[in-house]
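I opened this notebook to record what I looked up in one structure.

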Amino acid sequence: QVHLEESGGGLAQPGGSLRLSCVNSGFNLSYWAIGWFRQAPGKERELISCITKTDVTTYYIDSVKGRFTTSRDNVRKTAYLQMNALKPEDTAVYYCARNTDCSGAYPYGSWGRGTQVTVSN
């Protein structure tokens, strides 16, 4: 059964860091791209980044560029989202999902349940 599960969220202070993990089961991560998304209260879900099968990452939100880093470890079946210099506006539920590639031509699927990130004093 295909499954993705996010973890690593929690409460962080402004300027702090968190590393989110996206662990997969039921498929070979090597063959898939992984997208990271977030949804803040009252807002639509937005695509943060997509990392390809060959470890090329595209970031889609200007405000996270230079602060967030996506990586993957196919042996550990895990993708990561390292978040540094966190800001209150980063508060959201964060999700991962898989895709054939990062071109945008195909829909993301196999969504995880999400992990809450709250940035506050």
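I note at the outset that the model is predicted. I looked up the strand order and found an open sheet of 4 strands, E1-E3-E8-E7, with antiparallel pairing. Its edges are strand E1 (3-7) and strand E7 (68-73), each of which pairs on one side only. From one strand to the next, I read an average twist of 15°. I then examined E1 against strand E3 (residues 18-25) and counted 5 bridges in the antiparallel sense. His3 has Ser25 of E3 as its bridge partner.

I asked which residues have the most contacts inside the largest nonpolar core. They are Ile34, Trp36, Ile48, Phe68, Leu81, Met83 and Tyr94, in a core of 24 residues. Two or more residues come from each of E3, strand E4 (33-39), E5, strand E8 (78-83), strand E9 (92-99) and strand E10 (115-119). A second core, separate and made up of 7 residues, includes Ala33, Cys50, Cys102 and Tyr108. For Leu81 I listed the contacts beyond four places in sequence; among them are Leu18, Leu20, Trp36, Ile48, Phe68 and Tyr94.

I located Thr52 in the loop between strand E5 (46-51) and strand E6 (57-59). Is Thr52 buried or exposed? I record Thr52 as buried because its relative accessibility is 18%, and the cut-off for buried is under 20%. The side chains of Thr52 and Thr54 are joined by a polar contact of 3.1 Å. Leaving aside residues up to four places away in sequence, Thr52 touches Ala33, Arg72 and Cys102.

Notes
Residues numbered from 1 in each chain as written. Predicted model: local features only at pLDDT ≥ 70, side-chain atom pairs only at ≥ 80, totals over all residues. Heavy atoms only, no water. Buried < 20%, exposed > 50% of the residue type's maximum accessible area, 1.4 Å probe, protein only. Polar contact = N/O pair within 3.5 Å; in protein donor to acceptor, adjacent residues only side chain to side chain. Contact = heavy atoms within 4.5 Å. Pairing = 2+ DSSP bridges. Axes fitted to C-alpha atoms, helices over the stretch in contact; angles between N-to-C directions. Core = buried A, V, L, I, M, F, W, Y, C linked by side-chain atoms within 4.5 Å.
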